[in-house]
Amino acid sequence: VRTTLTNQGTLTSSGGSVIDTRNAVSAIITNTGTISSTVTSNENILIGSNTVFTNEADGTLTSATDGLSLASGNEFKNYGSLNVADNGTAIDITGNNNTIRLYDGSSIFGTISAGSSTTGNLLSVDTTDGQTVSETITGAIALTKLGTGTFDITGTKSYTAPQP
């Protein structure tokens, strides 16, 4: 069953994950509003497999500890902001073949981490204005840059996947 969710308002949780698609065959999620969690023991958004999640320019994702968890075969497109308190994990990649796309105007505050035994994960930056990632990037994740703008990584870099 394909699940479709469009958020134009505010989704908030103080008792668990705000969105969990781990039991869906596939999903399409679009956020132009706010998705937030004040829980300090759960990921804000748990994505199973075969999901396209677009955080539009007006979209905001915030979490008290961990933000987005990706299983396998997902695509996260970020035009908006993803903010995690206390240097938490903004994006935790637990599976294979995920793509994270950052576009002009997007921001991520928190670690981007891929498990060391995962494969086929990609962080892609598409920019004409320039993009800076000032957070830690760790694990098995390849990097690619598209567009004419500059891409600067000023945080800790310990990723292990080869460049595509």
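The model is predicted: local features need pLDDT of at least 70, side-chain atom pairs count only at pLDDT 80 or more, and totals for chains, interfaces and linings use all residues. Residues are numbered from 1 along each chain as its sequence is written, and side-chain values use heavy atoms, with hydrogens and water left out.

Start with the sheet. Strands of a sheet pair through backbone hydrogen bonds, either parallel or antiparallel. Here an open sheet of 7 strands has the order 1-4-7-10-13-16-19, and its pairing is parallel. Strands are DSSP runs of E with at least two residues, helices are runs of H or I with at least four, and both are numbered from the N terminus. Two strands count as paired if DSSP finds at least two bridges between them. At the edges are strand 1 (2-7) and strand 19 (142-146), each of which pairs on one side only. From one strand to the next, the twist averages 10 degrees; the axes are lines fitted to C-alpha atoms, for helices over the stretch in contact, and angles run from 0 to 180 degrees between N-to-C directions. Within this order, strand 13 and strand 16 run parallel and are joined by 5 bridges. Tyr 103 stands opposite Asp 126 in strand 16.

Next comes the core. In soluble globular proteins, nonpolar side chains tend to be buried together. A nonpolar core is a set of buried Ala, Val, Leu, Ile, Met, Phe, Trp, Tyr and Cys residues joined through side-chain atoms within 4.5 Å. Buried means under 20% relative accessible area, exposed means over 50%, and partly exposed lies in between, using a 1.4 Å probe and protein chains only. The largest nonpolar core has 28 residues, and those with the most contacts inside it are Phe 53, Ile 91 and Ile 100. Among the elements that give two or more residues to this core are strand 6 (43-49), strand 9 (66-72) and strand 20 (151-153). Strand 12 gives the most, with 3 residues. Ile 91 touches several residues beyond four places away in sequence, including Leu 68, Phe 76, Ile 100 and Ile 112; contact means heavy atoms within 4.5 Å.

The structure also holds 2 aromatic pairs. Rings of Phe, Tyr and Trp (its six-membered ring) pair if their centres lie within 6.5 Å; planes under 30 degrees apart count as stacked, over 60 as edge-to-face and the rest as tilted. Phe 53 and Phe 76 are edge-to-face, with 5.3 Å from centre to centre and 70 degrees between the planes. This pair links distant parts of the chain, Phe 53 in strand 7 (residues 51-55) and Phe 76 in strand 10 (residues 75-78), 23 residues apart. Phe 53 counts as buried because its relative accessibility is 2%, and Phe 76 is buried at 0%. The rings of Tyr 79 and Tyr 103 have centres 4.3 Å apart and planes at 5 degrees, so this pair is stacked. Tyr 79 is partly exposed, with a relative accessible area of 28%, whereas Tyr 103 is buried at 16%.

Two further residues remain. Ser 63 lies in strand 8 (residues 60-63) and counts as buried because its relative accessibility is 7%. Gly 139 is found in strand 18 (residues 137-139) and is buried at 11% relative accessibility.
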